[in-house]
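Subject: Structure for your review

Dear colleague,

Please find below the structure that I am handing over to you. I would be grateful if you would read the notes after it alongside the coordinates.

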Amino acid sequence: MIKLFKNLSLFFAFVLASALIITFNHCSNARFTQVEAISQSDIDDLVEGISNGELEVDEEELPNCTVVDPDVPLACLVFKDSFERKNIVDHDDFHWETVLMDNSDNTSNVDVEIEHKEFLGDAAKGENAILFRGREGKSSDHEVFLVSSPFDLSGYSYLVVQYKYVPIGLEDFIKLTASGIETVEGPRVDFCVGTNYDCGLTEEPGRHKRLRDPDNWSSYFPGYVSGQDYNIRAFPKDGWIMHQVLLSIGDLPENRRSEVVFKISVALDEGFYGNDRHRDMEDGVILDDVVFAAIKVESTTQ
Ligand SMILES: [Ca+2]
Ligand SMILES: [Ca+2]
Ligand SMILES: [Ca+2]
Ligand SMILES: [Ca+2]
């Protein structure tokens, strides 16, 4: 457990502050057991600690959720992705179901690609990251969705989605061409809270509307970061920002707990100047080091 979070001193400060009683079973497979007592205020503090970015989930130290004993209370890794390959959706890989434009097109010209650090600037991890881009000009203000596969996480208490991103010249709000919806330019995490049909996870006509329906997707934006005006190939190593979402499984409707689907959505109105990938960018998001983890907490207080 100690190694599951990178910022150890902050972690202990947080644990003491929240009076959370945790016992560790520090065996070689990095399982741990917890919790003797947890109250709603402890949970609130936990949520706050993660939302403040004080606890970074260290995916290298987490056991995989598919190989640990489900009866042992634990934190485990559902998947991690550092995009060290050519295609985002690799069909030998079960993590991502698809990549879609907000018109629901996934066949060509999808505006996100894996790029090498020589093109992007330093990746958060490894040699590659993904670059989301918009397109120059009117009538092309859109979103791109990286949609996860479904995961059965009904036995867990909390889910954590964590990623790192570099904002490139993002503005406060943009108006999406297809839907007319006003949204914050940049990345966010959306969890499906409807049926597969309602969330646009199936391919019936009108899918693009359901993919963007706020009644069927719960959205979690990173805190707004103003004044950051990095550009592609020209950002500092500490320009990478961590965004974490910690979600109580109880916040998902029952039908979704055994079929958890989230998407990383990025809204952008512009992209490369002149739509020329060798020039600078008006707007973009570089993203890397995705971690999807689950936490199981046993409560003795009712
Ligand atoms: Ca990477
Ligand atoms: Ca545009
Ligand atoms: Ca801009
Ligand atoms: Ca913009």
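The notes below begin with the chain as a whole and then turn to its sheet, its core and some single residues.

Overall features and confidence

Please bear in mind that this is a predicted model. Its average pLDDT is 82, and 76% of the residues reach a score of at least 70. The part to treat with caution is residues 7–39, where pLDDT stays under 50. The model does place 61 contacts beyond four places in sequence for residues 7–39. Where pLDDT is low, however, the predicted coordinates should not be read in detail.

The chain has five helices and 13 strands. Of its 302 residues, 37% are buried. Among contacts with a separation of 6 or more, 73% are between residues 24 or more positions apart.

Five strands make up an open sheet with antiparallel pairing, in the order 2-5-12-9-10. At its edges stand strand 2 (96–101) and strand 10, each of which has a single partner strand, so one side of each is left without a neighbour in the sheet. From one strand to the next the twist averages 25 degrees.

Six of its seven residues are buried, so strand 9 is largely enclosed by the rest of the structure. Its pairing with strand 12 (residues 262–268) is antiparallel and extends over six bridges; within this pairing, Phe191 stands opposite Phe262. Strand 9 also runs antiparallel to strand 10 (residues 217–220), to which four bridges join it. Here Cys192 is opposite Trp217, and Asp190 is opposite Ser219.

The nonpolar core

The largest nonpolar core comprises 66 residues, and Ala129, Phe132, Ala293 and Ala294 have the most contacts inside it. Strand 13 (residues 284–295) is the element that gives the most to this core, contributing nine residues.

What does Phe132 touch, leaving aside its neighbours within four places in sequence? Its contacts are Asp111, Val112, Val144, Val266, Leu268, Gly284, Val285 and Leu287.

Val291 lies in strand 13. With 23 other C-beta atoms within 10 Å, Val291 is buried. In sequence Val291 and Leu77 are 214 residues apart, yet the distance between their C-alpha atoms is 7.5 Å. Leaving aside neighbours within four places in sequence, the contacts of Val291 are Val57, Glu59, Lys80 and Gln162.

Tyr230 is located in the loop between strand 10 and strand 11 (241–248). Is Tyr230 buried, exposed or partly exposed? There are 19 other C-beta atoms within 10 Å, so Tyr230 counts as partly exposed, given that a residue is buried at 20 or more. Tyr230 and Val166 are separated by 64 residues in sequence and by 7.6 Å in space, C-alpha to C-alpha. Val166 is also one of the contacts of Tyr230 once neighbours within four places in sequence are left aside; the others are Pro167, Ile168, Phe235 and Gly239.

Positive phi values

Phe83, in the loop between strand 1 (75–81) and strand 2, has phi near 60 degrees, a positive value in a residue other than glycine. Phe83 is buried, with 22 other C-beta atoms within 10 Å.

Ser139 likewise has a positive phi, near 60 degrees, and is a residue other than glycine. Ser139 belongs to the loop that links strand 4 (128–133) with strand 5 (142–148). In contrast to the buried Phe83, Ser139 counts as exposed, having 8 C-beta neighbours inside 10 Å.

With kind regards

Definitions and conventions
Residues numbered from 1 in each chain as written. Chains lettered and ligands numbered in written order. Predicted model: local features only at pLDDT ≥ 70, side-chain atom pairs only at ≥ 80, totals over all residues. Helix = DSSP H or I, 4+ residues; strand = E, 2+ residues; numbered from the N terminus. Buried ≥ 20, exposed ≤ 12 C-beta atoms within 10 Å, placed from the backbone. Contact = placed C-beta atoms within 7 Å. Pairing = 2+ DSSP bridges. Core = buried A, V, L, I, M, F, W, Y, C linked by C-beta atoms within 7 Å. Axes fitted to C-alpha atoms, helices over the stretch in contact; angles between N-to-C directions. pLDDT = per-residue confidence, 0-100.
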